Amino acid sequence: MTTAQANRPRRSALYMPASNAKAVEKARTLDADVIILDLEDAVAPEMKPAAREAAVAAVKAGGFGPREVVIRVNGLDTPWGADDLAAAAEAGPDAVLVPKVNDAADVRLYDQHLSAAPTSTRLWTMIETAKAAFHLWEIAEAAHSTRLSAWVMGVNDFAKEMRARQTPDRAPFLPLLTLSVAAARAHGLMILDGVHNDIEDLAALEAVCVQGVDFGFDGKTLIHPKHLEICNRVFSPSPEDVAWSHAVIAAFNAPENAGKGALRVDGKMAERLHLAQAERLVAVAQAISGRSAQG
Ligand code: COA
Ligand code: MG
C-alpha cells in the first residue's frame, strides 16, 4: 500500500444489501468513508443473482465521489461465491470483501479468483471464524504475496460460532480483537472493527466506537446511516490530539533540539516514537479534511 492509500480515511464503512436500490442510491450522498455493497448475509437466497447484478451496475455507474466502494461476496463454499467473484472482478470496485477465511490457503484461493480484476481492486477479508482465530499471523502474512490489504472483524459470526454473548463491554472478544490488530499491524494491513447491532442505542454505539479507537482500529463497520456521525467523529483525531501533534513536530524541528531523543512538550514527555505518531496523526487529519472538502 502507498502512504496515501494507508492514510486514506476509513473511519466509517457502511454495509447495505446490494439488493436495496434505495439504500445504494442514498449511499452516494452519505457521509461514509467506505460503502460495502453486500451480497452475503444481508441478502436472501432468492435475491442473490439480482443483488449481484445491482452491485455490478452500481460500481460501473460510479458517482460515489471520495467514498471507497467495496463488494462483499458470498463464500466459495456457497452456490453463489464463484459467480460473485467473477462479477466483482469484472466490475473492479476498490475492494472485494470475502467472508469466513480460515487460513492463508483461503486467502490465496480468493486471490486467484480475482486474478482478472484491475490491480487497483484490493482483497479484504472478514475475520469471523473460530479457525481464523488460530491463523491470524499467516492470514495477515499472505498480504505480501496477494492483493490482501484489509481486515474486517465479523463479530456477529464469531459470536455465533463461539456461542458467546455480545456483552456491552465485549469482554468475550477482547483477545481476538487485540490479536487481530496486532497481526494486521505486523503486516501493514488496515483493520476495521465489527458492527453495532442496536440501531437506536447511540450512547452504546459511542462507547464501542471509543473502545475501537482504544484498540487501534482504523475505523468501524456500520449497519445504519444513523451511526455515521458518531463513528466519524470518534474515529477522527480530536482537535487536542492534532494540536499536540503539531507541537511535538515543531519541538523536534526546532534547531535547539537537534540531536535530542526526548523532549518536554506542554508538560509531557515526547520521544522520537511520539514524533512518528504525531506525523501520522497529522497526515490522517489532513486526509480527513480533504475528504470532507470533497463532499
Ligand atoms: N445503508 C443505506 N441506507 C440505509 C441503511 C443502510 N445500511 N439502513 C437504512 N437506510 C436508509 C433506509 O433506506 C431509509 O431511507 P429513507 O428514509 O429514504 O426511506 C432510512 O435509512 C431509514 O431506515 P430505517 O427505517 O431506520 O431502517 P429499516 O428499519 O428499514 O432497516 C435494517 C433496518 C437493519 C434492515 C437496515 O438498516 C439494513 O439493511 N442495514 C444493513 C444490513 C447489512 O448490510 N448487514 C450486513 C452486514 S452486518
Ligand atoms: Mg459474517
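Predicted model: local features only at pLDDT ≥ 70, side-chain atom pairs only at ≥ 80, totals over all residues.
Student: Which residues coordinate the magnesium ion (ligand 2)?
Tutor: Donors are N, O and S atoms within 2.8 Å of the metal (3.2 Å for Na, K and Ca), and sites may look incomplete, since water is not among the atoms. At 2.0 to 2.2 Å, the ion is coordinated by the OE of E128 and the OD of D157.

Student: Where in the chain do E128 and D157 lie, and how many residues apart are they?
Tutor: Helices (H or I, at least four residues) and strands (E, at least two) are DSSP runs numbered from the N terminus. E128 is in the loop between β5 (122-127) and α6 (136-141), and D157 is in helix α7 (residues 155-162). The pair thus links distant parts of the chain, 29 residues apart.

Student: Is E128 buried or exposed?
Tutor: Buried means under 20% relative accessible area, exposed over 50%, and partly exposed in between (1.4 Å probe, protein chains only). Because its relative accessibility is 2%, E128 counts as buried.

Student: Which residue's backbone nitrogen lies 2.8 Å from a polar atom of the side chain of E128?
Tutor: Contact means heavy atoms within 4.5 Å. Not counting residues up to four places away in sequence, E128 touches P99, K100, G154, D157, F158 and E161, and D157 touches D41, K100 and E128. The backbone nitrogen at 2.8 Å from the E128 side chain belongs to K100.

Student: What feature does UniProt place at E128 and D157?
Tutor: UniProt annotations may be inferred rather than shown by experiment; positions are given in the numbering used here and feature names are shortened. For E128 and D157, the unreviewed entry gives the feature "binding site". Although spread over 30 residues of sequence, they cluster in space, with a largest C-alpha distance of 5.6 Å.

Student: How far apart are the C-alpha centres of domain 1 and domain 2?
Tutor: Domain bounds come from an automatic or database domain assignment, which gives domain 1 (3-234) and domain 2 (239-294). Contact between them takes eleven residues from domain 1 and seven residues from domain 2. Their C-alpha centres are separated by 31 Å.

Student: Against which elements do the buried residues of α4 pack?
Tutor: In helix α4 (residues 81-91), the buried residues are G81, D84, L85, A87, A88, A89 and A91. They pack against α3 (48-61), β3 (68-72), β4 (95-98) and α5 (104-113).

Student: Is L179 buried or exposed?
Tutor: L179 has its place in helix α8 (residues 174-186). Because its relative accessible area is 52%, L179 is exposed.

Conventions. Residues numbered from 1 in each chain as written. Chains lettered and ligands numbered in written order. Heavy atoms only, no water. Polar contact = N/O pair within 3.5 Å; in protein donor to acceptor, adjacent residues only side chain to side chain.
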